[in-house]
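Subject: The structure you asked about

Hi,

Have a look at it first, and then read on for what turned up.

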Amino acid sequence: MSSPQQQFFFLGATGYIGSQFLESAKRDAALYAKLKEFSLVALVRDPESAKAKQLQEVWPGVLLVKGTLDDLSVIEEQARSSALTFNAANSDHEPSIKAIVAGLQKRSADHPNGPKPLYIHISGLAILSDNSRGEKVPAERLVQHSDSTFRLEDFPPTNPHHGPDRIIHAAGAQKENSIRAISVYPGVIYGLGEGISPDAPLLRIYGSLYIQTGVAGTWGPGHNALPVVHIKDVGTAFVKIFKLALEDKAKHDDYFVSDDKAEPLILKRFAEETGKILHAHDLLKDPEHKPFSEAVTNNFGEFGWSAFAGNWLGVSDRLKAEGWEPTETAKLPFWDSLLLETENFVATHKASRT
Ligand SMILES: NC(=O)c1ccc[n+]([C@@H]2O[C@H](COP(=O)([O-])OP(=O)(O)OC[C@H]3O[C@@H](n4cnc5c(N)ncnc54)[C@H](OP(=O)(O)O)[C@@H]3O)[C@@H](O)[C@H]2O)c1
């Protein structure tokens, strides 16, 4: 049983996933009661911002610590003081991840006979990329990887998230001063969230890129398939993972979060459908989708090719074995939600220009 003094350090609490987690956790009486035994400390860029104020309403008593992911000494110190750390901020910001791990290892050394500090990290399923460069891969050759057999070392070190994941796995496997590290790999998350930041970054990123470049583009021909999952199902997945972790049932496990039964996101079709809507709203001159020029893809380097032009399909066998079901993904499929979300993105984009 946790003592009331134990600290829960949360990076990214105001984000799309982070703030959905808080809403989903509040609905689960057992997890909510457990989390209330911790004092929640959230790293926020600006404690006076509207989002930070909302966070205080969502989780009364939350302590706001001002800082960015580059305030490494603040992050290390808070992690060192925390029995539980959740990083929902940026899967690929290595300096902050190293600072978290260093803080947790120091905590482990400070309390050699105490429970190991627990770290829950959000990574992403792009780690599974087959680097097909947007080319067609016959259906029978498309691999659906399972989290029950996943091994990081089976994937190229150039794949997205590989570097940070290696740091986390190594910290979990260490004999001395080790930590309990759980990595969670979501697919592409969509849908309107219930938290402080309800809009999916997918449209924020692609919609803005299409408008900025004037092209509804793909990396290569864009035949690659990405797994999808609704944000509310991501919320319930994290509830399950936190409960397993706090009950000591999840040790150093990796969890995939996606719906392998849902129709995946095909980049080409995504560009086609989004491009048409942006064109109808006078935000794109050319409604036709096409491969991006090298001038655009070069800005993202190999990361862009690996993340946006590969197939990365994963099956959430571990969560399914625990009874998790992506029910919201089945209710509102990605392609139906996309129309609504693109219209929503257009309205927000236009409002930001006035
Ligand atoms: N969304 C997806 O489809 C998806 C899928 C797989 C993996 N992921 C990974 O999950 C993580 C979270 O994603 P998300 O969709 O929740 O993103 P998001 O909505 O952009 O939220 C990011 C959160 O991190 C905070 N943050 C970002 N940069 C920061 C900085 N430099 N200093 C301090 N705080 C910072 C943000 O604070 P503010 O509120 O101040 O902006 C926000 O709370 C990302 O690493 C992403 O790659 C996302």
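How many helices and strands are there in the protein chain? The chain has 14 helices and 15 strands. Its radius of gyration is 20 Å, close to the 20 Å that the globule rule gives for 354 residues, so the chain is as compact as a globular protein of that length. Please keep in mind that this is a predicted model.

**Overall picture**

Along its principal axes, the C-alpha trace spans about 60 × 45 × 35 Å. Of the 354 residues, 46% count as buried. If you look at contacts with a separation of 6 or more, 83% of them are accounted for by residues 24 or more positions apart.

**Two helix pairs**

Two packed helices are described by the angle between their axes and the distance between the axes. I picked out two pairs for you.

Let me start with helix 5 and helix 6. They pack at an angle of about 5°, and their axes are 10 Å apart. Angles under 35 degrees count as roughly parallel, so helix 5 is roughly parallel to helix 6. On the helix 5 side, the contact is made by E94, I97, K98, V101 and Q105, and on the helix 6 side by G163, P164, I167, I168 and A171. Sorted by class, the residues of this contact are six nonpolar, two polar and two charged.

Now for helix 9 (residues 267-280) and helix 14 (residues 334-353). Their axes come within 10 Å and cross at roughly 40°, which makes helix 9 oblique to helix 14. The crossing of these two helices is right-handed. Helix 9 brings E273, T274, I277 and L278 to the contact, while helix 14 brings L338, T342, E343 and V346. Here the classes come out as four nonpolar, two polar and two charged residues.

**Two residues with positive phi**

Most residues other than glycine have a negative phi. Which residues are worth a look on that score? N131 has a phi near 50°, a positive value in a residue other than glycine. You will find N131 in the loop between strand 5 (118-122) and strand 6 (144-146). With 17 other C-beta atoms within 10 Å, N131 is partly exposed.

H161 also belongs here, as its phi is positive, near 70°, and it is not a glycine. H161 sits in the loop between strand 6 and helix 6 (162-173). Is H161 buried or exposed? It has 26 other C-beta atoms within 10 Å, and 20 or more count as buried, so H161 is buried.

- T85 is in strand 4 (residues 84-87). It counts as buried, with 28 C-beta neighbours inside 10 Å. Leaving out residues up to four places away in sequence, T85 touches F9, A79, I100, L104 and Y119. The C-alpha atoms of T85 and R107 are separated by 12 Å, and these two residues are 22 apart along the chain.

- K106 is part of helix 5 (residues 94-110). It is partly exposed, with 17 other C-beta atoms within 10 Å. Although K106 and N177 are 71 residues apart along the chain, their C-alpha atoms are separated by 7.2 Å.

- D286 lies in the loop between helix 9 and strand 14 (289-291). It counts as exposed, with 12 C-beta neighbours inside 10 Å. Not counting residues up to four places away in sequence, D286 touches G214 and V215. From D286 to A173, 113 residues apart along the chain, the C-alpha atoms are separated by 52 Å.

- K350 is in helix 14. It is exposed, with 12 other C-beta atoms within 10 Å. K350 and N87 are 263 residues apart along the chain, and their C-alpha atoms are separated by 32 Å.

Technical notes: Residues numbered from 1 in each chain as written. Predicted model: local features only at pLDDT ≥ 70, side-chain atom pairs only at ≥ 80, totals over all residues. Helix = DSSP H or I, 4+ residues; strand = E, 2+ residues; numbered from the N terminus. Rg over C-alpha atoms; globule rule 2.2 N^0.38 Å. Contact = placed C-beta atoms within 7 Å. Axes fitted to C-alpha atoms, helices over the stretch in contact; angles between N-to-C directions. Parallel < 35°, antiparallel > 145°, perpendicular 65-115°, else oblique. Left-handed = near helix turned anticlockwise from the far one by under 90°. Nonpolar A, V, L, I, M, F, W, Y, C, P; charged D, E, K, R; others polar.
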